[in-house]
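User: I'm new to this one. Can you walk me through a few spots?

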Amino acid sequence: MIGSRTEPGDPWSRRALLRTLAGVLVAALLAVFGVAYAVYAAVRGPLEEPAAKGGPPPTSLPSGTQRRDAIAAAPMLTVPPSAARGGTPASDPGPTITVPAPTELGAAEVPTGFPRTPEGALGQLAAIESTVLQSMSVQRATGVHQAWAQPGTPPAGQWALVRSIQAFHTSRAGSAAAPLVSATPVAGQVKGVDGPDWVLACVLMDVRAQVASTARIAYGHCERMQWLQGRWVIGAGPAPARAPSTWPETALAHEAGWATWSSSGPTDGEG
């Protein structure tokens with residue numbers, strides 16, 4: 001492990017091995033959430049994200065597909081991979097965003113019942129992400145995508161969450177121990193809206209994987225969210241620009257637009 005030091009005369013001491021194990025786990029998680037995409041992009045070409053440079057600002061565009069594509073494609077703050085692993089808490093507590101709690105269990109056993117508001121869209125996206133990441137199952141993720149993605153979205157095999165799970169299992173090839181994974185929303189932001197039925201929602205998750213030791217990272221993810229038949233679903237169109245994965249409640253997280261997640265009680269939905 002780069003930067004680690006072992007006790008003199010005992011390079012395989014228990015302390016050194018634990019440090020190495022922790023480094024391997026963090027590296028595996030980073031391969032899942034961010035670095036894997038960088039490698040994939042280098043080998044296969046740029047990610048399939050619409051370019052935003054040189055175009056008019058989304059707010060100047062009329063409601064519709066062009067405006068939504070411009071919101072989705074607008075680049076977000078670029079941060080180094082190390083930003084996902086830790087950071088110094090900001091002296092300023094920063095903004096918060098209050099997100100309603102789910103009121104029922106929906107399709108594919110994903111919590112739902114969120115209101116027809118931007119905060120409701122954030123809550124539904126977080127519920128989808130948590131369900132998928134905590135299962136760490138490609139089959140489960142594919143089923144959730146089928147139940148919660150509007151026709152016209154990229155297929156499940158191209159979904160960022162499915163690719164992340166595939167990379168996770170590839171990084172653990174040969175390991176018999178089943179990891180325990182938790183994914184909890186810690187921050188969110190509404191990148192843009194287009195009327196009451198469309199939101200570009202972004203959620204920052206605290207993802208922890210435990211095998212023999214625990215590794216923890218922050219993972220930012222955005223989706224187009226569409227209100228359809230009384231619920232928020234993943235909306236049609238190309239995948240949005242990648243969200244910055246920053247350690248929550250740091251100055252960098254605030255700069256990236258993240259507001260600390262605050263959950264409210266059950267809320268009556270519209271629609």
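Analyst: Here is a short tour of a disulfide, a helix and some loop residues.

Analyst: This is a predicted model, where local features need pLDDT of at least 70, side-chain atom pairs count only at pLDDT 80 or more, and totals for chains, interfaces and linings use all residues. Residues are numbered from 1 along each chain as its sequence is written, and side-chain values use heavy atoms, with hydrogens and water left out.

User: How many disulfides does a search of the whole structure find?

Analyst: One. The term covers a pair of cysteine sulfur atoms within 2.5 Å. Here Cys202 is joined to Cys222, with 2.1 Å from S to S.

User: Where do Cys202 and Cys222 sit in the chain?

Analyst: Cys202 is in strand 5 (residues 198-210) and Cys222 is in strand 6. They are 20 residues apart, and the pair links distant parts of the chain. Strands (E, at least two residues) and helices (H or I, at least four) are DSSP runs, numbered from the N terminus.

User: Are Cys202 and Cys222 buried or exposed?

Analyst: Both are buried. Buried means under 20% relative accessible area, exposed means over 50%, and partly exposed lies in between (1.4 Å probe, protein chains only).

User: And what is the handedness of the Cys202 and Cys222 link?

Analyst: Right-handed, with 105 degrees about the S-S bond.

User: New topic. How far apart are the end C-alpha atoms of helix 5?

Analyst: They are 16 Å apart. The expected span is 1.5 Å times one less than the number of residues.

User: Which residues of helix 5 are buried?

Analyst: Ala160, Leu161, Val162, Ser164, Ile165, Ala167 and Phe168.

User: What about Thr153, where is that?

Analyst: Thr153 is in the loop between helix 4 (138-148) and helix 5 (160-171). Thr153 counts as buried because its relative accessibility is 17%.

User: What does Thr153 touch?

Analyst: Leaving out residues up to four places away in sequence, Thr153 touches His145, Ile234, Gly235, Ala236 and Gly237. Contact means heavy atoms within 4.5 Å.

User: What is the phi of Gln229?

Analyst: About 55 degrees, a positive value, although Gln229 is not a glycine. Most residues other than glycine have a negative phi. Gln229 is in the loop between strand 6 (214-228) and strand 7 (231-234). Gln229 is exposed, with a relative accessible area of 80%.

User: And Glu249, what is its phi?

Analyst: Positive, about 65 degrees, and Glu249 is not a glycine. Glu249 is in the loop between strand 7 and helix 6 (251-255). At 43% relative accessibility, Glu249 is partly exposed.
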